[in-house]
Amino acid sequence: MLPEISLPKFSTTIKEIKTTFHFRPFMMKEERAILMAKAIGTDIEVRQTIEQVVEACLISNKKIIVEDLPAHIVDYLFMQMYARSNTNVLSVNFHCHANYTKYDFVKKTDPDTGEEYEEEVKSEHLCGHESLNPLDLTAITLHYPHDFEKKKEIKVSDSITLYFNAPKSKSIRNVYKMTETDEVTGEFIHSDEERDDAYSDLIYESIDKVVEINKDGEEIIFTIDDFTKDSFADWIDNAPKNVTEQMTILFSEMPTIYLKTTMRCLRPECQNSTDISLTGARSFLDLCWVDQRMYRWWKKLMTWLLITSSTWV
């Protein structure tokens with residue numbers, strides 16, 4: 001019998017929901033699931049795989065339903081786990097689009113004396129050079145839109161306030177599914193009604209509570225356990241127009257994982273510096289799998305994994 005493998009444990013605190021999460025690194029089976037989803041999966045499958053991997057790696061006495069967590073928190077936990085499972089510093093290929101100045105010396109002849117001399121000539125060129133730059137995943141943060149906490153509180157009337165949370169991961173996944181397009185025609189696969197249902201589900205599932213202040217100054221709290229999606233839709237239809245306008249503003253810009261860094265061109269003549277911003281789990285995943293010089297042997301590895309995985313118990 002082989003010895004038991006002991007995995008390290010880590011933790012991270014999310015101030016937004018006042019929770020500390022404990023987790024372990026990825027196991028090989030989870031790494032394989034992520035690679036397969038990234039290589040052959042849609043956005044829906046990648047989203048679902050991220051949820052499953054995060055749920056498997058979390059350590060808690062109480063089961064955590066990851067798909068019910070806000071999507072940006074799931075993404076943040078996933079990248080924290082990735083950074084501690086592989087390497088926290090990626091080597092990212094930066095393609096420089098800047099212009100650089102090139103100096104050449106051209107031989108010329110003095111028309112009066114006939115003597116040859118060199119004249120410096122300056123010219124502009126598009127760089128196009130590719131340089132490997134380090135990207136520290138531990139620098140990833142949670143980015144919130146301006147006044148996000150205030151925007152989550154929508155005044156319906158003098159006595160009624162509607163409170164929202166950021167959308168759940170499962171709600172985002174459902175929207176991905178209902179907005180799929182045909183690869184050939186580019187048309188939506190699902191109907192207008194199904195897409196509308198996905199958006200209304202996202203809004204309904206994001207409701208934290210509705211609070212009414214009665215004549216005695218007491219708070220009466222309603223949660224989604226107290227009303228259905230249809231009854232909420234009827235209720236919001238009778239609200240002032242500015243309520244739906246505020247809801248539109250709220251859901252038009254959501255929290256996300258974020259990293260701002262500077263990429264530098266290593267071409268000696270150029271040495272341009274460009275500030276870039278990365279947002280969302282998919283953009284980081286694209287970097288993760290192209291990085292680590294995995295791309296050249298990725299297909300061979302995937303073939304081996306897909307064949308051998310079916311024999312593992």
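In which sense do β8 and strand β13 pair, and over how many bridges? I looked this up first.

**Entry 1, basis.** I am working with a predicted model, where local features need pLDDT of at least 70, side-chain atom pairs count only at pLDDT 80 or more, and totals for chains, interfaces and linings use all residues. Residues are numbered from 1 along each chain as its sequence is written, and side-chain values use heavy atoms, with hydrogens and water left out.

**Entry 2, the pair.** I find β8 and β13 (residues 256-264) paired in the antiparallel sense over three bridges. Strands here are DSSP runs of E, at least two residues, and helices are runs of H or I, at least four, numbered from the N terminus. Two strands pair if DSSP finds at least two bridges between them.

I read the strand order as β8-β13-β14, an open sheet of three strands with antiparallel pairing. β8 (141-143) and β14 (273-279) are the edge strands, each pairing on one side only. The twist averages 40° from one strand to the next; axes are lines fitted to C-alpha atoms, for helices over the stretch in contact, and angles run from 0 to 180 degrees between N-to-C directions.

I see helix α3 (residues 71-85) lying across β8 and β13, at about 50° to β13. Contact means heavy atoms within 4.5 Å.

I looked for disulfides (cysteine sulfur atoms within 2.5 Å) and the structure holds zero. C127 is in none, and its nearest cysteine sulfur, that of C265, is 3.6 Å away.
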